[in-house]
Amino acid sequence: MNHTLGALEEVIILLVLRERESYGAELVKLYVEHMKKEITLPAVVMVLKRLEKKGMLKSRTGEPSAERGGRRKVLYQATELGYQTAEEAIKAKTQIWDMVPKFSK
Amino acid sequence: MSKNHKTPGFADWLLKIFCREDYREEVRGDLQEVFDWRVEKQGLFIARFRYCLDTLSAIRFYRPVAEGQQRSHGLLLSFFKSAFRNFRRHWGYASLNLLGLGLCIAMALLIMQHVSDESNYDRFSQAESIYRVENDYVRFGETIYESAMTFSGVAPAMLKEIPEVDEAARLYNIEEDWGGANILSTRLDDEKTYRESATYFADKAITGLFDLNLLAGTNKLDEPNTMLITAELARKYFGSTEAAVGETLHLNTVRLSRELIVTGVIELPDFNMQVDLSALVSYPTLYTLENGLEYFNNNWGNYSFLTYVKLKEGVAPQAIEDKMAGLSLRYKQGYNEKDESGNYLRVNTYTLSPIADIHLQSQYQNEVGKTGDYVSVQVLTMIAVFILVIAWVNYVNLSTARALDRAKEVGLRKVFGAQKRELVAQFFTEAFLLNAMGLLMGLLIVVLVQPAYNVFIGKELSMVSISRMEYGVTGGLVFLGGTLISGLYPAFVISRYRSVDVFKGKVKSGRGTAGLSLRRSLVIFQLLITSLLIIGTYAISEQLDFMHRRDLGFDKQRVLVLESPTVRNSANREERSAGIRLFKEQVRSIAGVEAVGTSTEIPGKGILRGIAISPVAHDEDKMRAVERVLVDDYFLSILNVNFLAGQNFEPGRTYGTVPLVLNESAAEDLGFSDPQTAIGQIIYEFNREPREVIGVIADYHHESLNRVKDPMYFVRNDAFDAYYAIRLKTGDVTEVVAQVEEAFTEIFPGNPPGYFFLDSFFDGQYRQDELNGRVFAVFALMAVLVACLGLYGLSAFAAMQRAKEVGVRKVLGASIPDLFVLFFKEVFVLVLLAFVIGLPLSYFGVDQWLSGFAYRMEIGWVLFALPLLIVVLVTVLATAQQIIRVSVMNPVKSLRYE
């Protein structure tokens, strides 16, 4: 089983963890707010599907709502595996970052 | 956020194709949410754009249908791969091609939207057998009127006497016939009163003929004092469709004032209708008037009744028209007189027009509802086709230009055993891919510019307009055909090369080879269409300018026109005149008003009924049909018309005989060679009532310059007030208008005031021409742009091909200006050739178009010289960069590897 995370996957899983439970449209909005750049929705959905396949997310179908034109949303939650993988990835990075000497001009 | 914004429909369609089904609901919901959010944050345009990108990017969800089949498409896949590699490698050419195709397809689609909307009128389910009965009247060999409407007696007589007539229905509008607005009002607590021009008295059969579905209630149009209203009107007066049924609306017109019960609510069909309907009042309501049954069911004099008939299956309208002649003779009294040779002196003829053709083809002056312009629709269709042709010409041009480039590839492929058939297939795949991408891009452009385009042409159009079956099929066929032709030609040319020749270097682009001359003629063709479009645009704008600038013979500036009240306190003539006088005095006392006058006609609106007048009493031969206007003492001076002889009516003066003023053509018609001689003469109205001529005015343009000036005469009469013309002093207009409105509602209670300004009303007649001008201008601009792309690509290629030649010339001492002359001369020859062919064509076209105007500009040489200059300039600009680049290049560079 592949337990690594791509750069975009990492951001998305972090956002899902932060929200506890989230869905595509909300993630696009959060991504644009936090990362300060645009993203297309299908890119986000693709990542969600991939993470679900890797067993890091699980999904359930929500209720239809008017603001989505009466369509159901699919809500995603991180699994234990997802949580751990994300934690490891971030930890590894923070460890390296801690060892980076201060940057002086 | 309460409401979902509408997403671009085309993009949704894309999504449907790209996105796997099990993801679709989730993705669509998410997309809608993100779209709404972006609309709030970034505005509609950016949101639409990003939405399209989103759907395009959803292609990643695409899942091929079956996985086992791919092996058999191996070759096709390799074609795809090499096509994409080629696009990437030569992205300059590919994007020029793509841009040209995309732009052209987008333009053609936009044009087709408009054309389709114009031809989408009155497509009733039984439209093939529904006809409108129209009516011409000829007396002593002279056409007295041609009318889109006929008499009230025609429909019942046809039903009774002609068995082939299945159903018949009349529509009658008192506002059109008698003037004065149709006013509808509720008598509920919060009274609502509006002018509803589209209120018609209608026979019950109309709902069946016009596919008007009942949303609620029942159709009781065969009983007096009932009505049907549209859902829109139901909402306006009662809040909802259900609430309207059983309620009462009060109808006020100049002839009739009634409480009407709303028995049902109707839904208009989803295509356009030529006649605007909002309320249908039961026709028998009219019979309850005094003499109503006689006048509204058996009248053969007043041609104000729109009459629709449905014929039995397979009956030709001509057969009915023939029968109508005999019918008319029997029903219409006093039309049996014959001259010496046995022809009838007075002849009524009836025409049955297919209902779906009326919108585009009707030429009647008294046409009601919306009419379109058949010629402009045809011309636009032609332009759409031309634009597509230009796009494909560009493609053929650019790809044959690259043929040499790819000759080596072909040679190599042949060495490795490729069949010619496979090579053709390969190049064709490329053409198809590029065309498909162009189509996508065109659709994307349409989606993006649609809102702006709609504002520009003043219509609510969308891709839905052309999603109708017949357009879908034609469009698809045209596109496939174009792709086939534009793709196959280059494919055959390129795959023809023999590998041995290629590698030996025998294949050369010399002058006079077939490829080059074909390319040249295609360029000439492009330039030809471009110059036709530019000349057309220029001609339209010049003619419009001519019409706006021309002295109309009256002063239309700062004249406020108020329509007469419908509801009056008294039908008594004395009291009515007193009301009019009172209102005029009130208006005159308003600070910003210079003068106020009344008239039965207003410039900018045709006068329908000519009245016969004659210089000799009781002599029918001397009678002339002249348009009659009843005016008060002030109206003519408010228009500021030019008196050639005599003068206007003197306010307050009593004349022995009723005075009148003629216009110049009327004076001539009556046999007065000099306006001066007409003064003081007695004229007989209806050949018996004497009137004295006290003035002759110069003809003024009562209608747009499309029409000639008709003979007119003005009779003094201050009891008729169809229009109040109010000349305003310079200063704040809104304040004055408010005060006039106030005076109007005070003196004529129950009448919502209706007013307009004479100048904009008059200029409104040119709206169609202005629209044509703008549409032409945009498409001419686009055609120029696309032709530029083609020229640029071609010049780039030519420059590359001839780099060596230039090198040699420079080594032998040619100067840079010499080279410029050499290259530009070739370009100019093409431009001139195109223009020489285009000149007679455009002259003919412009002349044809202008012949529709009674007053037209002269066609001068400037009309052609300026467009020529533009085309030359544009071609120079498009080719200059490449020509300069190759001319100043150091010959060492191009000759180094020889």
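1. Of the contacts in chain B between residues at least 6 apart in sequence, 81% join residues at least 24 apart, where a contact means heavy atoms within 4.5 Å. In chain A, the corresponding share of contacts between residues at least 6 apart that join residues at least 24 apart is 53%.

2. The model is a predicted one, in which local features need pLDDT of at least 70 and side-chain atom pairs count only at pLDDT 80 or more, whereas totals for chains, interfaces and linings use all residues. Residues are numbered from 1 along each chain as its sequence is written, chains are lettered from A and ligands numbered from 1 in the order in which they are written, and side-chain values use heavy atoms, with hydrogens and water left out.

3. Chain B contains 30 helices and 24 strands, these being DSSP runs numbered from the N terminus (helices H or I, at least four residues; strands E, at least two). Along the principal axes, the C-alpha atoms of chain B fill a box of roughly 105 × 70 × 65 Å.

4. Of the 898 residues in chain B, 50% are buried, a term that stands for under 20% relative accessible area, with exposed over 50% and partly exposed in between (1.4 Å probe, protein chains only). Chain B exposes about 41,800 Å², of which carbon and sulfur atoms supply 56%; such areas come from the Shrake-Rupley method with a 1.4 Å probe, and for residues only the protein chains shown count as cover.

5. Within chain B, strand S15 (residues 593-599) is mostly covered, since five of its seven residues are buried. Strand S15 of chain B pairs with strand S23 (residues 723-728) of chain B in the antiparallel sense over six bridges, pairing being assigned if DSSP finds at least two bridges between two strands.

6. Chain B carries 90 positive and 103 negative side chains, and the centres of the two sets lie 15 Å apart. Lys and Arg count as positive and Asp and Glu as negative, while His and the chain ends are not counted; each charge is placed at NZ of Lys, CZ of Arg, CG of Asp or CD of Glu. For chain A, the mean positions of the 19 positive and 14 negative charges are 3 Å apart.

7. Chain A has four helices and two strands, and from the N terminus on its elements run α-α-α-β-β-α. The C-alpha trace of chain A spans about 55 × 35 × 20 Å along its principal axes, and 42% of the 105 residues of chain A count as buried.
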